[in-house]
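Colleague: Please give me a close look at one part of this model, the packing contacts. Take your time and join things up as you go.

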Number of protein chains: 2
Amino acid sequence: MNVALLAHEQFPDRAKTAVGVLRYADYDVVAVLDRDNDGSRVADHVPDVQDAPVVASMSDVDEDVDALVIGIAPIGGGFEESWRPDVRNALERGCDVYSGLHYFLEDDEEFAALAAEHGAELWDVRKPPADLGVADGVADSVDATVVTTVGTDCSVGKMTATRELYETAREQGMDAAFVATGQTGILIEGEGIPVDRVVSDFAAGAVEQMVLEAGADHDYVFVEGQASIVHPAYSGVTASIVHGSMPDHLVLCHEVGRDSVHGYDQELPPVGEFVDRFEAFAEPVADADVVGGMLNTRSVDSDDEAREAIADFADAIDAPADDPVRFDPGSVIEVIR
Amino acid sequence: MNVALLAHEQFPDRAKTAVGVLRYADYDVVAVLDRDNDGSRVADHVPDVQDAPVVASMSDVDEDVDALVIGIAPIGGGFEESWRPDVRNALERGCDVYSGLHYFLEDDEEFAALAAEHGAELWDVRKPPADLGVADGVADSVDATVVTTVGTDCSVGKMTATRELYETAREQGMDAAFVATGQTGILIEGEGIPVDRVVSDFAAGAVEQMVLEAGADHDYVFVEGQASIVHPAYSGVTASIVHGSMPDHLVLCHEVGRDSVHGYDQELPPVGEFVDRFEAFAEPVADADVVGGMLNTRSVDSDDEAREAIADFADAIDAPADDPVRFDPGSVIEVIR
């Protein structure tokens with residue numbers, strides 16, 4: 001299936017959905033739309049994922065495209081009007097549009113009309129199912145080992161770390177499942193519930209439901225965490241995932257050099273403190289230890305420096321750590337299995 | 001304004017909305033509907049609020065009624081079909097119906113049709129406004145002193161404690177505001193946002209918005225907390241309120257004898273631990289201390305025993321405490337002003 005990824009002005013560093021799809025999804029990416037990087041290639045920016053040309057607009061894409069994927073998730077999740085011509089062009093050629101924005105494309109009159117007219121589908125990934133309920137506090141009743149990722153902030157690499165842990169576990173022959181809780185994970189996995197979009201009262205219940213389903217069929221369940229327990233806007237989402245999943249283990253995700261909350265005037269506590277913070281928070285509901293750490297070292301040039309940063313991180317959290325993209329999450333899988 | 005309160009089979013101990021309205025709202029309550037207590041009076045059950053007859057159904061209420069208020073909030077917030085004849089009867093006589101349930105009456109075809117036919121209004125208190133957004137982490141920019149209640153569990157008396165603190169502050173001449181975050185508080189105050197019903201990503205933002213508005217006009221803002229940081233289903237709501245309100249002070253609410261999560265197979269940590277748990281949770285976002293405690297002693301018969309329980313609670317949390325209903329929240333107001 002051919003897709004184009006919309007990532008205007010934000011590719012690759014602030015286009016985590018686009019990069020996640022390039023790295024993990026089963027789609028063939030035929031183009032990335034980024035008017036600031038027109039004429040370059042994906043490989044010029046991100047060397048270790050599938051390559052594709054970067055173009056200025058959807059009208060520059062000549063190949064057949066099955067779906068245009070909105071590959072950026074701005075704070076607030078709004079729709080940028082400057083993207084409208086690309087979405088319009090896609091729909092007019094009968095191409096589906098997948099979006100993880102809070103703004104639902106199917107509620108947009110022009111897009112809804114164009115989709116109907118040209119037989120294209122609008123998939124608002126962030127629209128949760130209607131039949132969710134309150135958590136019963138029973139996610140720990142599954143026989144599976146539940147591993148939930150947590151992080152020091154948004155956009156430090158929780159989805160990536162979870163996906164890498166899951167894929168590595170499967171490569172090692174473990175019967176593992178991936179529970180997607182955010183738009184990128186859902187786009188990659190093809191299913192999941194966007195917990196940040198679920199009514200607060202039902203957020204833990206949504207996670208519990210996914211863990212019960214995945215845990216019934218698999219030995220290991222890797223749950224994609226969201227945001228951070230110290231985040232001024234999104235800590236409620238984190239809380240619901242940690243308590244709703246009732247994990248056996250936590251894996252702490254962090255990005256090298258991140259010392260304040262992205263987009264907010266708030267310092268982060270020292271990274272080592274997060275171990276106690278998350279374990280203490282989880283404890284009344286689930287007796288989970290932070291068994292490992294995943295460090296995002298993309299801002300570090302040399303592998304040697306990256307290894308040093310990982311060693312410091314492992315020291316700080318007193319557990320094995322690695323960068324699952326640059327290196328390998330194997331040392332953390334070892335503790336889990 | 002005359003209201004009837006629906007509280008079938010749950011009045012008064014599991015009908016916190018009904019009791020809250022009886023105690024604090026400006027409505028004249030002409031009847032409480034509880035088929036299990038038919039023939040008794042409110043005063044037989046709750047002596048210190050306005051009195052009214054308890055009857056079996058809405059058809060037993062002869063007085064003019066302006067609104068029927070659903071006065072119970074079951075776990076999950078569903079609508080009990082056994083209440084349908086009462087709601088139907090109310091609407092057929094042109095009486096409005098106010099509900100704090102997750103189930104929206106205006107989405108019920110029969111109720112919507114009856115309301116339209118008889119000129120009655122359906123007010124789904126739990127339906128949040130449509131224009132909410134992500135928190136900016138700026139609630140602490142108000143000049144007002146922000147006091148947020150937190151609790152060891154659901155239904156320990158946070159709304160009541162917040163309301164009593166607010167009313168006592170005003171009686172003492174302090175310029176105070178009440179920020180309602182749940183159905184009962186909103187029904188009493190006439191405004192507010194049901195945070196538990198807000199999409200997770202926007203829950204802290206909703207609280208921030210209310211604190212900014214109230215804090216612009218008042219010197220003290222009392223924010224009604226919800227649930228508990230240790231609750232397996234609702235901790236996300238608590239997290240969003242604590243971080244979204246960026247409080248100067250926290251007041252810990254608890255009920256005598258509560259040692260497990262209501263409705264769940266989960267023990268509560270010792271009550272003294274909650275001070276550290278809430279302060280540590282708040283700290284990266286707001287440097288708030290637990291400055292006092294509010295103890296619900298309704299299950300204790302004698303005032304002497306209640307005073308003993310309060311003294312123990314104050315010891316455990318190392319701060320002044322009281323039962324704001326049985327006695328007075330003055331000692332905690334003292335610390336805040």
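**Packing, from domains to chains**

Modeller: Let's begin inside chain A, where twelve residues of domain 1 are in contact with ten residues of domain 2 (contact here: C-beta atoms, placed from the backbone, within 7 Å). On the domain 1 side that touches domain 2 of chain A, the largest share, five residues, comes from helix α1 (residues 16–24) of chain A. Helices (H or I, at least four residues) and strands (E, at least two) are DSSP runs, numbered from the N terminus. By class, that domain 1 side has seven nonpolar, four polar and one charged residues; Ala, Val, Leu, Ile, Met, Phe, Trp, Tyr, Cys and Pro count as nonpolar, Asp, Glu, Lys and Arg as charged, and the others, Gly among them, as polar.

Bear in mind that this is a predicted model: local features need pLDDT of at least 70, side-chain atom pairs count only at pLDDT 80 or more, and totals for chains, interfaces and linings use all residues. Residues are numbered from 1 along each chain as its sequence is written, while chains are lettered from A and ligands numbered from 1 in the order in which they are written.

As for the bounds, domain 1 of chain A covers 2–124 and domain 2 of chain A covers 139–336, as set by an automatic or database domain assignment. Taken over C-alpha atoms, the centres of these two domains of chain A are 27 Å apart.

Pro12(A) sits in the loop between β1 (2–6) and α1 of chain A, and the peptide bond from Phe11(A) to Pro12(A) is cis, with omega near 0°. Another one to flag is Ala227(A), in the loop between β9 (220–223) and α8 of chain A: phi of Ala227(A) is near 55°, a positive value in a residue other than glycine. Most residues other than glycine have a negative phi, and most peptide bonds are trans.

Now for helix pairs within chain A. Helix α3 (residues 84–92) and helix α4 (residues 109–118) of chain A have axes 8 Å apart and pack at an angle of about 20°; axes are lines fitted to C-alpha atoms, for helices over the stretch in contact, and angles run from 0 to 180 degrees between N-to-C directions. α3(A) and α4(A) are therefore roughly parallel (under 35 degrees; over 145 is roughly antiparallel, 65 to 115 roughly perpendicular, the rest oblique). Their crossing is right-handed, the near helix being turned clockwise from the far one by less than a right angle (anticlockwise is left-handed). Val87(A), Arg88(A), Leu91(A) and Glu92(A) of α3(A) meet Phe111(A), Leu114(A), Ala115(A) and His118(A) of α4(A). That contact of α3(A) with α4(A) has five nonpolar, one polar and two charged residues.

Next, helix α7 (residues 200–217) of chain A and α8(A): their axes come within 8 Å and cross at roughly 40°, so α7(A) and α8(A) are oblique to each other. This crossing of α7(A) and α8(A) is right-handed. Among the residues making the contact are Ala203(A), Val207(A) and Val211(A) from α7(A), with Val237(A), Ile241(A) and His243(A) from α8(A). The residues of the α7(A) contact with α8(A) split into six nonpolar, seven polar and one charged.

In total, 36 residues of chain B are in contact with 36 residues of chain A. On the chain B side, α7 (200–217), α8 (235–245) and α9 (273–282) each supply at least two residues, and α8(B) gives the most, with six. That side of chain B divides into 20 nonpolar, eleven polar and five charged residues.

The two copies of this helix meet: the axes of α8 (residues 235–245) of chain A and α8(B) come within 7 Å and cross at roughly 155°, which means α8(A) is roughly antiparallel to α8(B). α8(A) passes α8(B) in a right-handed crossing. Ser235(A), Gly236(A), Val237(A), Ala239(A), Ser240(A) and His243(A) make the contact from α8(A), with Ser235(B), Gly236(B), Val237(B), Ala239(B), Ser240(B) and His243(B) from α8(B). By class, the contact of α8(A) with α8(B) has four nonpolar, eight polar and no charged residues.

The same surface serves both copies, with 100% of the contact residues of chain B recurring in chain A.

Definitions and conventions:
Two residues are in contact if their C-beta atoms, placed from the backbone, lie within 7 Å.
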